[in-house]
Structures are given as C-alpha cells and as structure tokens.
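Here is a short briefing on a protein model. It covers nonpolar cores and salt bridges.

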Amino acid sequence: MHYYFITGTSFGLGKAIAEALLQREDVFVYGISRTSSISHAHYKHLFADLSNPSQLSSIIKVFESSFTNQDSLYLINNAGVIDPIKYLGGFTEEEILLLMHVNLISPIQLMNAFLKIPHKVKKRIVINVSSGAASKVTDGWSLYGSAKAALDHASLHVAKELELTGTANTHIFSVAPGVVDTPMQAKIRAVSKHSFSMLDRFIDLHETNSLDTPEHVAQKYLKILDEPQAFPKVVFSAREI
C-alpha cells in the first residue's frame, strides 16, 4: 500500500497532487490543512493549523501506525504562506512566528517524525515544496525566501545523513514548482507596489496566461515520487522535468 501525507490539500498544488494520486489503486492519502475540500474513500483529512505547533501532535501520532515492509510512505510538505508581503521592520512578532512556523518549522517537525518511522517499510520519500525565492532576492519576501532557503538546506543535510547511515530506501527532495496559478499568486497580485517592486511582472504573468496549472505541475511531482532514483539532485526546480 502507498500512504501519502500531504500538507496544504485544500486548494492549489497540494489538492492537485492529492487528486491525481487518488486516481490510482493501492493508494491512501492523508490531507493536512485547516479546511477540507476532497471527498474520496481513500482520503482522510487531518485538520491542523500549521502555524500552531501544538496541533501537529495528532498528525505525528498517525506516523506511529503499524506499517509493514510492503508499505511505501510519502511526505509532501506543500503548505506555505507568503503573506504578509512587506519589508523587514514592518512585521509584528505574531506575523513572523506564523510565517516561519508554516514554511519552515512545521515541515521540519513533520520530517523529524516521518523519519522515525522504522526502516522496515518498503520505501520512504520526502518532498519539500520549495520556491525560486529560496535562491533569489525579492523585496517584500524576506521571511518567505529565508524560510524556503532554510528548507532547501535542511533537505541537503538530511540527504547527507541518509547517505552516511546507508538508508537506501529513503529519499528526500526540495523542489520548486515554478510559477503556478494558485491562490498564493492572487495574494501576490493584490499587494501594494510600495511593499513589492516586482508587482507588475506578476500581474503580467497572469494577464498573459503564463502561469502553469496546478494539475500540470502535480504530474511532475508524481514522477519524482514514482522514480526517485531518476533524480540525483536534492534541490532543483520542477521546470527541469
């Protein structure tokens, strides 16, 4: 059986990945987010606000289920928030903590718990949904970009640890999806130019239909999940697929 744990399945890329997987046999998907929008016999929603660390305990308990050497397990840390988009010096303490918890701390907590699942399972794969912001400097995105850069680096560390421990059945990736037509893009386009000098570029991407669809990008992530050996790099962009 293939068990998938996916954060941010209410809409956008997370929902598209979950729905694509649910078209297959021998699949069970756990969706993790504040709201549920998927109904399927092989789907279970785990309600959680990833900005609140205390709410992760119920999810982590699911990782403690009795999996066998016939089971393959997958964790996709997809949930992310980019707002508020503003210059550093303008954030409240609560805004900083919320954004960092969702984009960095909760994925690391979930990875930590996921990697405690015994090696006896057939396969374990982690995909962190990264961003081009991890390697580019964009005004107004200091927290978001920093969190994604840290997530990339954490993934590289885990990959090295897996290599050193000889854990051949476990793979980790941090993959930027490219520019996808999701609600996050709508939030970016609604920001003031005073907080984000690249606003016109993102408006133009939308108006010229240059945004990729969540469904198309989801298929790229499925290729990584299906054939992890075909992707030697830990950190890369889905545009390379």
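Which residues touch the most other members of the largest nonpolar core? They are Phe 5, Phe 63, Leu 75 and Phe 114, in a core of 37 residues. A nonpolar core is a set of buried Ala, Val, Leu, Ile, Met, Phe, Trp, Tyr and Cys residues joined through side-chain atoms within 4.5 Å. The model is predicted: local features need pLDDT of at least 70, side-chain atom pairs count only at pLDDT 80 or more, and totals for chains, interfaces and linings use all residues. Residues are numbered from 1 along each chain as its sequence is written, and side-chain values use heavy atoms, with hydrogens and water left out.

- The largest share, eight residues, comes from α3.
- Apart from this core lies another, of 30 residues, including Tyr 43 and Val 217.

**Salt bridges**
- The structure holds five salt bridges, each a side-chain nitrogen of Lys or Arg within 4 Å of a carboxyl oxygen of Asp or Glu.
- Lys 160 pairs with Glu 163, their closest N and O atoms being 3.9 Å apart; both lie in helix α4, three residues apart, about one turn of the helix.
- Glu 163 is exposed at 56% relative accessibility, while Lys 160 is partly exposed at 44% (buried is under 20% relative accessible area, exposed over 50%, partly exposed in between; 1.4 Å probe, protein chains only).
- Lys 233 forms a salt bridge with Glu 240, with the closest N and O atoms 2.9 Å apart.

Conventions. Helix = DSSP H or I, 4+ residues; strand = E, 2+ residues; numbered from the N terminus.
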